[in-house]
Amino acid sequence: MAMYYFIEPMIEADIPQVQEIEAQSFSTPWSANTYRRELRNTSSCRYLVARVSATPPPRQNNGQRLRRNGLLSTLLAPFLPQEATPSEYALVGYGGVWLTVDDAHITTIAVDPRHRGRGVGELLLNGLIDAAFELQARMLTLEVRVSNLVAQRLYLKYGFQPGGTRPRYYTDNGEDALIMWTEAIAAPEYQDRLSTLRRRALSRLQAQANTAVTTHP
Ligand SMILES: CC(C)(COP(=O)(O)OP(=O)(O)OC[C@H]1O[C@@H](n2cnc3c(N)ncnc32)[C@H](O)[C@@H]1OP(=O)(O)O)[C@@H](O)C(=O)NCCC(=O)NCCS
């Protein structure tokens, strides 16, 4: 089956599916109320979901999704008001960002274990970087478990650098958090890096979708 991945804003109807992925990804999940509060805080929070479709999803007339090289992507699209109705496409990942003063903090990001390693985390991270731009953040920051080398590798790829630790930050096992920061996201060097990475990420998703179509018509 072909797999077309795309991202769009999270809505309240998505919360149960988000929580299913969260339960498989984190040991201290958020409550539905926490998600609702975050979604309603539109002045400083942005939450996205990644979805999968077996066929190229129909282009929306409102410009919420953009078609790029045959893929639907919201990577560079403006963040529009939330839709009220649940999507017909399966939810395979989610992520969020929160503006604190003038830095954007990645609060969460996770992909359904069955869809990991296919560029979905990278797609979501790109969407969160766009959201940080839209919130007029200077740079992005996050905390990650010192043992979570997979996530750290994704962040390093996108220019996040270690900037200290928070000892015993995670209450479930007392693990330290590594704090990571990007440089200024508006800096030409970061923009160059981002556009190269985006081109590669979109080509990878495109190639995957095409391969899947050929293999399983
Ligand atoms: C971290 C996570 C979101 C990555 O999502 P994903 O869709 O599997 O990642 P992608 O396929 O987009 O890969 C992007 C990059 O992540 C890193 N990565 C992904 N899987 C990896 C693996 N198994 N080993 C090492 N690096 C890996 C690589 O840098 C990769 O880029 P590359 O393909 O050019 O090497 C996913 O593993 C996840 O949901 N983990 C559990 C939740 C979590 O730990 N979230 C982070 C909290 S701070």
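Figure 1. A132 is buried, its relative accessible area being 0%; buried denotes under 20% relative accessible area, exposed over 50%, and partly exposed the range in between, with a 1.4 Å probe and protein chains only. The model shown is predicted, so that local features need pLDDT of at least 70 and side-chain atom pairs count only at pLDDT 80 or more, whereas totals for chains, interfaces and linings use all residues. Residues are numbered from 1 along each chain as its sequence is written, and side-chain values use heavy atoms, with hydrogens and water left out. A132 belongs to helix α3; helices (H or I, at least four residues) and strands (E, at least two) are DSSP runs, numbered from the N terminus. Leaving aside residues up to four places away in sequence, A132 touches A104, A137, L140 and I185, where contact means heavy atoms within 4.5 Å. A132 and R46 lie 86 residues apart along the chain, and their C-alpha atoms are separated by 8.3 Å.

**Figure 2. The chain as a whole.** The chain holds five helices and nine strands. Their pattern along the sequence is β-α-α-β-β-β-β-β-α-β-α-β-β-α. Of its 217 residues, 49% count as buried. Among contacts in the chain with a separation of 6 or more, 71% are between residues 24 or more positions apart.

**Figure 3. The open sheet of seven strands.** The strands of this sheet follow the order β1-β2-β5-β6-β7-β9-β8, and their pairing is mixed; two strands pair if DSSP finds at least two bridges between them. β1 (4-9) and β8 stand at the edges with a single partner strand each, so one side of each has no neighbour in the sheet. From one strand to the next, the twist averages 25 degrees. Strand β2 (residues 45-53) and strand β5 (residues 90-100) run antiparallel and are joined by eight bridges. Within this pairing, R51 has L91 of β5 as its bridge partner.

**Figure 4. Strand β9 and its two partners.** Is strand β9 (residues 177-181) largely enclosed or left open, and why? Four of its five residues are buried, so β9 is largely enclosed by the rest of the structure. Strand β7 (residues 139-145) pairs with β9 in the antiparallel sense over five bridges, and T141 stands opposite W181 in β9. Strand β8 (residues 161-166) also pairs with β9 in the antiparallel sense, over four bridges. In that pairing, P162 stands opposite M180 in β9.

Figure 5. T108 is placed in strand β6 and, at 7% relative accessibility, counts as buried. Apart from residues up to four places away in sequence, T108 touches F26, W30, Y47, Y94, G95, G96 and L128. Y94 is placed in strand β5 and counts as buried at 0% relative accessibility. Y94 and Q17 are 77 residues apart in sequence, and the distance between their C-alpha atoms is 9.7 Å.

Figure 6. Helix α1 (residues 15-25) lies across β2, β5 and β6 (103-111) and runs at about 85 degrees to β5. Axes are lines fitted to C-alpha atoms, for helices over the stretch in contact, and angles run from 0 to 180 degrees between N-to-C directions. Two packed helices are described by the angle between their axes and the distance between the axes. The axes of α1 and helix α2 (residues 32-40) cross at roughly 120 degrees and come within 10 Å. The two helices are therefore oblique to each other; angles under 35 degrees count as roughly parallel, over 145 as roughly antiparallel, 65 to 115 as roughly perpendicular and the rest as oblique. I15, V18, Q19 and E22 in α1 meet A32, Y35, R36 and L39 in α2. By class, this contact of α1 with α2 has five nonpolar, one polar and two charged residues. Ala, Val, Leu, Ile, Met, Phe, Trp, Tyr, Cys and Pro count as nonpolar, Asp, Glu, Lys and Arg as charged, and the others, Gly among them, as polar.

**Figure 7. Helices α3 and α4.** Helix α3 (residues 120-134) and helix α4 (residues 149-157) have axes that come within 11 Å and cross at roughly 50 degrees. The pair is therefore oblique. G121, E122 and L125 in α3 meet L154, Y155 and K157 in α4. This contact of α3 with α4 has, by class, three nonpolar, one polar and two charged residues.
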